[in-house]
Number of protein chains: 2
Amino acid sequence: MPEVTLLVLDDDPPPRLGRLTGRARVVHADESTLAGLLPSADVLLVWDFLSDAVRLAWPGEGPRPRWVHTASAGVDRLMCPELAASDTVVTNARGVFDQPIAEYVGALVLAMAKDLPRTLALQSERVWRHRETQRVAGTRACVVGSGPIGRAIAATLKALGITTALVGRTARAGVHGPADLGRLMARADWVVCAAPLTDDTRGMFDARLFGMMQPSARFINVGRGQLVVEDDLAEALAKRWIAGAALDVFEHEPLPAESALWDAPGLIVSPHMSGDIVGWRDELSRQFVEFFEKWESGEPLPNVVDKKRGYVPGH
Amino acid sequence: MPEVTLLVLDDDPPPRLGRLTGRARVVHADESTLAGLLPSADVLLVWDFLSDAVRLAWPGEGPRPRWVHTASAGVDRLMCPELAASDTVVTNARGVFDQPIAEYVGALVLAMAKDLPRTLALQSERVWRHRETQRVAGTRACVVGSGPIGRAIAATLKALGITTALVGRTARAGVHGPADLGRLMARADWVVCAAPLTDDTRGMFDARLFGMMQPSARFINVGRGQLVVEDDLAEALAKRWIAGAALDVFEHEPLPAESALWDAPGLIVSPHMSGDIVGWRDELSRQFVEFFEKWESGEPLPNVVDKKRGYVPGH
């Protein structure tokens with residue numbers, strides 16, 4: 001009988017845990033059973049990363065997992081003061097989503113520049129209407145969030161000829177600090193949010209920032225819904241403060257059918273899928289098994305989250 | 001009174017001809033007056049490049065313009081045996097459309113990979129439906145047409161991490177010859193047509209070539225409609241021989257409202273606009289004035305079309 005108990009919070013099981021046979025006792029939990037199972041677990045894999053159950057069930061004291069891994073880039077849904085204060089190590093899926101999300105942002109930028117949503121709408125009406133569209137090479141982007149996802153987005157936009165500035169929590173080589181944000185947003189054609197959700201960033205994109213943007217500019221959010229004051233964005237679009245936006249993440253997911261965002265003018269709504277390419281679950285599971293093998297052999301874990309800051313500190 | 005007569009076939013006039021004041025007598029023609037005005041013109045600017053009037057009105061013998069410039073990349077609409085046999089020099093707008101069309105193809109590739117048309121359709125129904133989408137980095141493209149437009153498309157696709165092969169009329173460094181086309185199409189995820197329309201290329205994309213493609217592959221045409229046998233493409237889509245397509249050009253333009261292509265499964269229809277960015281008319285006019293000044297001073301003209309081949313020979 002293996003000595004290690006691996007607790008997995010999931011709806012459907014990760015595809016590669018068969019590799020751990022004989023090395024870990026794998027126990028599956030759902031939202032209702034998690035609290036009861038946590039004290040006996042050595043490791044917790046948060047596979048159902050859209051759940052708030054960990055934050056709600058995390059024990060204040062007594063036995064608890066020594067290591068928690070989440071199959072997501074953001075850790076906002078699981079973090080709570082008790083987990084932050086504990087000596088439990090938290091790791092995330094940093095690296096898996098970078099390139100897919102960068103491509104997704106590239107798709108949105110090009111689709112908006114080339115007026116593709118209107119082309120598709122006209123096609124459905126069988127209407128041939130020529131328009132002039134935008135050249136993206138030579139435009140300017142401001143990418144907020146200087147982790148691997150933000151950096152991958154910046155690399156893709158630069159490859160398309162877009163002059164791109166990165167904004168992070170602290171200024172460093174190649175990265176602007178928060179003090180530059182207003183100035184960079186004011187001259188950007190594209191503002192892309194790929195920041196982690198922390199107490200510092202919650203609601204940062206509000207009427208004040210949208211008001212600084214150019215009327216021809218567009219806003220894209222692939223971070224977390226709570227980074228944006230959604231009512232302020234809807235108003236900025238309705239009043240034509242900005243020309244368009246695309247949201248892949250929302251304060252409430254799934255976005256309720258009655259939300260006014262579904263038909264906000266110039267807004268593209270997608271269902272939190274920017275990083276989810278074919279094979280992504282397999283890749284997330286492969287990454288966890290790799291980390292588990294390091295943990296098992298006492299090697300240092302990659303992707304260790306700074307629990308105070310709420311993300312893996314970068315370079 | 002200037003000695004040079006510049007005849008302009010246009011619907012609305014090119015924006016920069018004011019620069020030629022005192023240097024050319026500018027005469028505007030439409031489709032009905034062109035034949036009568038051609039014999040007295042030194043230079044013909046084909047500004048209305050969607051018209052077939054030049055081919056229909058070109059004089060078999062007697063006086064005619066010494067130079068014809070068309071504000072388009074393709075010369076198929078104006079070329080006729082009499083013009084090809086004459087000593088009239090034909091130039092085109094090579095260079096103006098390269099980067100815009102490359103971006104447009106990038107937009108289509110990414111939109112199809114990320115399932116954007118379906119996202120927009122679901123949005124209009126207020127339906128939240130997560131899907132897994134495709135990574136484009138690591139996929140393969142085959143770009144048919146090795147002129148500046150094809151090369152710009154290849155550069156953009158390569159910048160997105162797509163392994164891209166170029167196919168031209170003759171094999172040379174970095175360009176495959178027609179003999180490789182079937183093999184390259186059979187393993188491509190993206191087949192992009194940016195070839196000139198000539199007697200050799202007319203109808204080249206037919207059931208035989210579509211039948212060679214992978215069921216997961218997609219076809220994009222930004223060249224000329226007549227390069228594709230449209231019924232064969234519609235059948236390839238209906239029978240799921242290929243996963244999707246995007247046509248910006250058609251055998252008959254505007255595409256008639258009753259055409260079955262408007263709702264062919266997996267087909268994106270756009271109204272011949274891939275190269276037409278904001279400012280394109282100004283850029284075309286600027287290019288013509290630049291060429292006119294060279295012609296006036298006896299310098300060699302750029303972009304001279306090989307009238308037998310039907311395009312500007314490349315490098």
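Contact means heavy atoms within 4.5 Å. The model is predicted: local features need pLDDT of at least 70, and side-chain atom pairs count only at pLDDT 80 or more. Residues are numbered from 1 along each chain as its sequence is written, and chains are lettered from A.

**Exercise 1.** Find which residues of H4(A) meet which residues of H4(B), and classify the packing.

*Solution.*
- Step 1. Locate the helices, which are DSSP runs (H or I, at least four residues) numbered from the N terminus. H4 spans residues 98-113 in chain A and residues 98-113 in chain B.
- Step 2. Take the geometry. The angle is about 125°, and the axes lie 9 Å apart. Axes are lines fitted to C-alpha atoms over the stretch in contact, and angles run from 0 to 180 degrees between N-to-C directions.
- Step 3. Classify. The angle makes H4(A) oblique to H4(B). Angles under 35 degrees count as roughly parallel, over 145 as roughly antiparallel, 65 to 115 as roughly perpendicular, and the rest as oblique.
- Step 4. List the contact. Glu103, Gly106, Ala107, Leu110 and Ala111 of chain A meet B:Glu103, B:Gly106, B:Ala107, B:Leu110 and B:Ala111.

**Exercise 2.** Find the cis peptide bond in chain A and place its proline.

*Solution.*
- Step 1. The cis bond joins A:Glu253 and A:Pro254, with omega about -5°.
- Step 2. A:Pro254 sits in the loop between strand E10 (244-247) and strand E11 (267-269) of chain A.

**Exercise 3.** Is A:Arg240, with its positive phi, buried or exposed?

*Solution.*
- Step 1. Phi of A:Arg240 is near 60°.
- Step 2. A:Arg240 lies in the loop between helix H9 (230-238) and E10 of chain A.
- Step 3. A:Arg240 is exposed, at 57% relative accessible area. Buried means under 20%, exposed over 50%, partly exposed in between (1.4 Å probe, protein chains only).

Conventions. Heavy atoms only, no water. Helix = DSSP H or I, 4+ residues; strand = E, 2+ residues; numbered from the N terminus.
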